[in-house]
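Reader: I am new to this structure and would be grateful for a close look at a single part of it. Please begin with one residue and then set it in its wider context.

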Amino acid sequence: MVVDLCVSPRRAVAFVRLALAAATSVIVVAPLIGAPANAAVFGRDDRQPVPKGLKQLSQQIGRLYNPSIGTNCTAFCVAPNVIATAAHCLFRKPKSGTLRMSDFRFAVGTGAAARQSPIDGAAVKSAGQHIITGTTRLRVRPPIDAGSDWALMRTQDNICAGHELPVHVKSMREIERASDRGDMFQVAYHSDYDDWELAYSHPCKVRAEFPELSARTIRRDFKNVRNLILHQCDTKGASSGSPMLERTPNGPVVVGINVGTYIQSKVLIRNGQVARKFEARPVANTGINAAVFADFIPLLSKADILTSRDDIRAIQRRLQADDHYRGPLDGVYGANTRRSILAFQRAAGLARTGIPTRDLLDEGERQAPPLPARSPRSETRSLATEALGTLETDGIARLLQAIE
């Protein structure tokens, strides 16, 4: 199964080559499929302005945008100087222009309370060193690594001070129970609104699996499924990176990050022939359990991050001595240096941040605790199959990243 997906503002198109086995024959189908236009609305569109009782969220949830390449996503405050969003909001290759981390801005609040800030280090072209992320290259064809599609950024200014959203690590069962009580909801920006304003999704279903999505199907289509949250909160373009929220007596808390839309297409195979093609449709939205990123928030907020070429060169030299770095000692923090830092941290049992810090230069100061292993959920259901020479199968599965 091969899916090449290209998403641009207000349009997503996939060219698909699909190999299906039925009885003793193999049929290759190569249709052109138009994916839904950056949208996933389940049933009635229930989005509305943020209710009065949740107005404080307008000071906690903001817009991450890049004017140079014209992208917009949702992001939210998790520390005085740290915001969270989806990784593809930062690292998705633009159709035109040059992708530079220093061009991103986070804007939050309205009117006199409006605030904005670039990523820390942008002024000295070292913004990339102030980002901790699960991936810089999201795979959108099965097995999709949506469970790694998260990012934390340190802002240049403490514009989130006093407006942090609490992040609570919950098991999938706890999240499902909150959904059953009607306490799970989402607040995000949406590109189909005339002006940039937050929209509230009414209490919505959040599950580890849905009736038409068995555990086996999900395991086939996704990597890191224990990190995955499936939900049916209504979304549109620019909602990527928005918080999955639980209503509690003490106010809303973050239990995950919304990523994108899970789309499947089905075909009916009868006696080795394609008897019917079904329209591609969204079956759920995907999110990431907060267990994946919560422990990185204080690390990024307080890290002594190195930015000068001399310091990065010293990091490279140290990694080279430990046989983790084989590139040039050029003082440039790029993909090679990041991977080498991650390899060093993995070997040392440290939290895998990938960022160059002062601690890496002094072995005596490498006291960052390893991240605890978390298991937010487990899978229990199985996939049913049909017999008698007729098979209805998931022909295409892909992730539509809704960026505007």
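Is Cys 204 buried or exposed, and what is its relative accessible area?

Author: Cys 204 is buried, since its relative accessible area is 9%; the term buried denotes under 20% relative accessible area, exposed denotes over 50%, and partly exposed covers what lies in between, with a 1.4 Å probe and protein chains only. Two remarks on the source come first. This is a predicted model, in which local features need pLDDT of at least 70 and side-chain atom pairs count only at pLDDT 80 or more, while totals for chains, interfaces and linings use all residues. Residues are numbered from 1 along each chain as its sequence is written, and side-chain values use heavy atoms, with hydrogens and water left out.

The partner of Cys 204 is Cys 233: the two form a disulfide with sulfur atoms 1.9 Å apart, where a disulfide is taken to be a pair of cysteine sulfur atoms within 2.5 Å. A disulfide is a covalent bond between the sulfur atoms of two cysteines. The link of Cys 204 and Cys 233 is right-handed, with 60° about the S-S bond. Cys 204 is found in the loop between β15 (198-201) and β16 (206-207), and Cys 233 in the loop between β17 (228-231) and β18 (235-236), so the pair ties together parts that are 29 residues apart in sequence. Here helices (H or I, at least four residues) and strands (E, at least two) are DSSP runs, numbered from the N terminus. Cys 233 has 0% relative accessibility and so counts as buried.

This link belongs to a set, for the structure holds 3 disulfides. Counting bonded cysteines along the chain, their pattern is 1-3, 2-4, 5-6.

Another of these bonds joins Cys 73 to Cys 89, with their sulfur atoms 2.2 Å apart. An angle of -85° about the S-S bond makes the link of Cys 73 and Cys 89 left-handed. Distant parts of the chain are linked by this pair: Cys 73 is in strand β8 (residues 71-79) and Cys 89 in helix α1 (residues 88-91), 16 residues apart. Cys 73 is buried, with a relative accessible area of 1%, and Cys 89 is buried as well, with 6%.

A search of the whole structure finds 5 aromatic pairs, where rings of Phe, Tyr and Trp (its six-membered ring) pair if their centres lie within 6.5 Å, and planes under 30 degrees apart count as stacked, over 60 as edge-to-face and the rest as tilted. One of them is the tilted pair of Trp 150 and Phe 293, at 6.3 Å centre to centre with 35° between the planes. Trp 150 lies in the loop between β12 (131-133) and β13, and Phe 293 in the loop between β22 (281-289) and α4 (296-302), so this pair ties together parts that are 143 residues apart in sequence. Trp 150 and Phe 293 are both buried. Phe 222 and Tyr 262 form an edge-to-face pair, at 4.7 Å centre to centre and 80° between the planes. This pair likewise links distant parts of the chain: Phe 222 is in the loop between α3 (215-221) and β17, Tyr 262 in strand β20 (residues 253-270), 40 residues apart. Phe 222 is buried, with a relative accessible area of 3%, and Tyr 262 counts as buried at 0%. Ring pairs also link Trp 150, Phe 293 and Phe 296 into a cluster.

The whole protein gives the setting for these links. It has 6 helices and 23 strands, and buried residues make up 54% of its 404 residues. Among contacts (heavy atoms within 4.5 Å) between residues at least 6 apart in sequence, 70% join residues at least 24 apart.
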